[in-house]
Amino acid sequence: MVKFVGISGSLREGSYSYLALQEVSRRLAALGAEVEILDLRQLNLPFCNGEKEYPDHPDVALLRSRVQEASGLILATPEYHGSASGVLKNALDLMSFDQLSDKTTGLISVLGGQSNSNALNDLRIIMRWVHAWVIPEQVAIGQAWNAFDSEGKLKDPKLAERFDRFAESLFRYTQTLSQVA
C-alpha cells in the first residue's frame, strides 16, 4: 500500500492550505493510497535549534516517525512574503535526511493574490537539499479566498482537473520509486 503524509503549513482556522491538502488526499485515497494528515495546529513542536533530539517535545518524534514510515509527502503552504510559511519550514527543519531522503513529494501553495511559484520553488530547493524526489507537477492556487465553496470543495472545474492530474502523478511516481528503492 502506498502511504502518504500530508502537512499543511498554516495554523489558521479555515486554512485554504488545509482545504487544498484535503482535496488531494481524497483523490489519492480514491486511487487506493492511504493518507494521513499531520495537523501542525495539533502538534507541540519547538522552534528548531539544530539539536538532534527534542526529549521535551514528543511530537517531534511523532512527526519524524510518521514521515519516515510514509512512501511520500504532500506539502501545502500559504505563501507569506513570497515564500513558504515559517511553520512548514520549521517542521521540515526538525527532520533530517533519515526521514526525508528518497521521499516522493508533491507541492501545493495558496495565495491571496495572483498565482505564482515562489513558495513552490523554495520548497523544491529545500526538498532537493534533503534528497527527496519532488514531482514535476505542482499546484498554486491564486485568490484562494475564492477557490473553495462553503463546503470546502473546489469551485473551478479546471483547478479540480489539475488536482486530479497532480494526485495521479504523485501516486504513480511514488509507486514507481517505491519499487526501485
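**Note on the predicted model: cores, rings and helix packing**

1. Leu63, in this predicted model, is in contact (heavy atoms within 4.5 Å) with Ile7, Leu38, Leu45, Ala91, Leu94 and Met95, leaving aside its neighbours within four places in sequence. The model is predicted, with local features needing pLDDT of at least 70 and side-chain atom pairs counting only at pLDDT 80 or more, whereas totals for chains, interfaces and linings use all residues. Residues are numbered from 1 along each chain as its sequence is written, and side-chain values use heavy atoms, with hydrogens and water left out.

2. Leu63 is also among the residues with the most contacts inside the largest nonpolar core, together with Ile7, Val67, Leu92, Leu100 and Met127. This core has 27 residues. A nonpolar core is a set of buried Ala, Val, Leu, Ile, Met, Phe, Trp, Tyr and Cys residues joined through side-chain atoms within 4.5 Å. Buried means under 20% relative accessible area, exposed over 50%, and partly exposed in between (1.4 Å probe, protein chains only).

3. Two or more residues of this core come from each of β1 (3-8), α2 (58-69), β3 (72-78), α3 (86-93) and α5 (118-129). Helices (H or I, at least four residues) and strands (E, at least two) are DSSP runs, numbered from the N terminus. The largest share, four residues, is that of α5. Another core lies apart from this one and has 26 residues, including Ala20, Ile74, Ala76 and Leu170.

4. One aromatic pair is found in a search of the whole structure. Rings of Phe, Tyr and Trp (its six-membered ring) pair if their centres lie within 6.5 Å; planes under 30 degrees apart count as stacked, over 60 as edge-to-face and the rest as tilted. The ring centres of Tyr16 and Phe148 are 6.1 Å apart and their planes are at 5°, so this pair is stacked. Because Tyr16 lies in helix α1 (residues 16-30) and Phe148 in the loop between β5 (133-141) and α6 (157-180), the pair ties together parts that are 132 residues apart in sequence.

5. Phe148 is buried, at 7% relative accessible area, while Tyr16 is partly exposed, at 26% relative accessibility.

6. The axes of α3 and α5 come within 12 Å and cross at roughly 5°. Axes are lines fitted to C-alpha atoms, for helices over the stretch in contact, and angles run from 0 to 180 degrees between N-to-C directions. The two helices are therefore roughly parallel (angles under 35 degrees; over 145 is roughly antiparallel, 65 to 115 roughly perpendicular and the rest oblique). Leu88, Lys89 and Leu92 of α3 make the contact with Leu123, Ile126 and Met127 of α5.
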